[in-house]
Number of protein chains: 2
Amino acid sequence: MIEKITIIGMGLIGSSIARNVHQNKFAKEIVAADISEEVCQKVIALGISDYVTDDLARSVEEADLVILCVPVGAIDSVMSTIAPSLKEGAVLSDVGSVKGAVVESVTKHLPEHVDFVPAHPIAGTEFSGPEAGFAELFNGRWCIITPLPETSIKAVEVVTKMWEGCGSMVEIMGPRHHDLVLGITSHLPHLIAYTIVGTANDLEDDLKSEVIKFSASGFRDFTRIASSDPTMWRDVFLNNKEAVLEVLQRFTEDLTALQRAIRKGDGDYLYDKFHDTRAIRKAIIDQGQA
Amino acid sequence: MIEKITIIGMGLIGSSIARNVHQNKFAKEIVAADISEEVCQKVIALGISDYVTDDLARSVEEADLVILCVPVGAIDSVMSTIAPSLKEGAVLSDVGSVKGAVVESVTKHLPEHVDFVPAHPIAGTEFSGPEAGFAELFNGRWCIITPLPETSIKAVEVVTKMWEGCGSMVEIMGPRHHDLVLGITSHLPHLIAYTIVGTANDLEDDLKSEVIKFSASGFRDFTRIASSDPTMWRDVFLNNKEAVLEVLQRFTEDLTALQRAIRKGDGDYLYDKFHDTRAIRKAIIDQGQA
């Protein structure tokens, strides 16, 4: 399909993309790049790319498609390193969980002869690193693409085909709208999970060991979410501040209303709220995303 | 092992107990009781008990062991119905998620010749009703028993053996301490999950349909928890008010601190908090409760 793809950042997402394009022969040559020597060694051992390097600038030379799979906070510095080496007509994309801030960071450095296609695959696990990746990660999951006004249709098509080859379904929306939707479906849930596990972590030792022992009662689901990569998530909250603070405000108001109902012993209010939430679960199951 | 066991309330937990004692022959006779005619019909069809009735008082006559598997808010009325029919020397137990309030409701009605062994199996799913139960539900999970000062050792042993026969490990603690530990591991997580799914449910229709579509990014885990039985959970919050409000206060303080860090752009604070929570996940995995 294309001659050469370069994947920068070989963590969970980058290595899962590499496994897919390796298997489905989307590109004749796959270059894997990572600034960590240790990660590079692991990628070589996994055998999921044709070439592995820690020299980011050189890795993008002659590449038709470059995918940035680094934490959102590293995009700016990676772009300043690779921008001069991007070939004319290259397509650049990313996988960041935040789109508005990424668009800003990338376009600051983007050469005129390169097309940028911001993208975000809605898939992941709580594990990190190249060994955590697997080819089926994107199967049946959405990938959101948020093209800029100046992005060419051809570039969007290349990135769409790559994601469809990974088993994803592609959806187009604007970057700001993406950040609001994901603020609700992803960033807020992670923030809440980190908070509740942090609250437990601050308990006295006896109580903490019992919380771990009896975690099966609901808590353990939060610990899974709260064991996600801390660097990635720090960057998400620093770069989607506005949307996160907005949805957090709504959440806090709703929590305060439930708190008041508990204090007043208002069983009807609690029952109604707990009953209505079942409809959303049913809709998710019906859409095959459960 | 014993002659006759009566299980009152044939939902997820009650029907799962019935399946176990049916399979492992813990009792010669299993009586299933439920005030709902519809539930009784389902239990007859499932064939997991020797006798099914909607007459709670008659169901406990001659029973050696009676297990209350009704929502915590129904305990008081069930006790006033069955207390006069409990035989001398019978052992009474329950499965309520709250222990302090249950002990109060039960002891108010408890005849002197009956031993009460409060218990709480730490197991469940988001599904409800007799058809949702299954024999393996309690396998490898803890069951907390909170005996009263007057509970006989023999009665505790009977209930312990029943739970060990269901595959559970039994732990003893005081009712108030149970309510604090479960307030953190179970009640707070459920309250938070109900809140966040409720917040999403209140969104404008377009945004809500996108939240459902892109739920795989974290939100869907909360919807699973928030689809648990609304009556059961209303009763939990009404009956463990003190502990829930206490842990909710700690949670809100911690959330406010993270909110402030996001607003100020304090990446180090966010990273440290997100990093520390991984240790709890690791401990849960190490203890085989993940």
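Trainee: Which residue does Trp142(A) stand opposite in β9(A)?
Mentor: Trp142(A) stands opposite Met169(A). This is a predicted model, where local features need pLDDT of at least 70 and side-chain atom pairs count only at pLDDT 80 or more, while totals for chains, interfaces and linings use all residues. Residues are numbered from 1 along each chain as its sequence is written, and chains are lettered from A and ligands numbered from 1 in the order in which they are written.

Trainee: How many bridges join β8(A) to β9(A)?
Mentor: Four, between β8 (residues 142-145) and β9 of chain A, and the two strands run parallel. Strands pair if DSSP finds at least two bridges between them. Strands (E, at least two residues) and helices (H or I, at least four) are DSSP runs, numbered from the N terminus.

Trainee: And which sheet is that in, what's the strand order?
Mentor: An open sheet of three strands in chain A, ordered β7-β8-β9, with mixed pairing. β7 (119-121) and β9 (169-172) of chain A are at the edges with a single partner strand each, so one side of each has no neighbour in the sheet. Neighbouring strands there are turned by 20° against each other on average, direction ignored. The angles run from 0 to 180 degrees between N-to-C directions of axes, which are lines fitted to C-alpha atoms, for helices over the stretch in contact.

Trainee: The six-stranded sheet, is the pairing parallel or mixed?
Mentor: Parallel. That sheet of chain A is open too, in the order β3-β2-β1-β4-β5-β6. Its edge strands are β3 (51-53) and β6 (115-117) of chain A, each pairing on one side only. Inside it, four bridges join β4 (residues 65-68) to β5 (residues 91-94) of chain A, and Leu68(A) has Asp94(A) as its bridge partner in β5(A).

Trainee: Zooming out, how many helices and strands does chain A have?
Mentor: Chain A comes to 13 helices and nine strands. Its radius of gyration is 21 Å, close to the 19 Å of the globule rule for 290 residues, so chain A is as compact as a globular protein of that length. The radius is taken over C-alpha atoms, and the rule is 2.2 Å times the number of residues to the power 0.38. The C-alpha trace of chain A spans about 65 × 40 × 35 Å along its principal axes.

Trainee: What rotation superposes chain A on chain B?
Mentor: One of 180°, with 0.0 Å of shift along its axis and an RMSD of 0.0 Å. That is the relation of a two-fold axis. The superposition is by least squares on the C-alpha atoms of residues with pLDDT of at least 70 in both copies. Asp221(A) comes closest to the axis of the residues of chain A, at 3.7 Å (C-alpha).

Trainee: At what angle do α7(B) and α11(B) pack?
Mentor: About 65°, with the axes of α7 (residues 175-201) and α11 (residues 241-264) of chain B 9 Å apart. The residues of that contact include Leu180(B) and His187(B) of α7(B) and Phe251(B) of α11(B). They divide into nine nonpolar, two polar and one charged.

Definitions and conventions. Two residues are in contact if their C-beta atoms, placed from the backbone, lie within 7 Å. Ala, Val, Leu, Ile, Met, Phe, Trp, Tyr, Cys and Pro count as nonpolar, Asp, Glu, Lys and Arg as charged, and the others, Gly among them, as polar.
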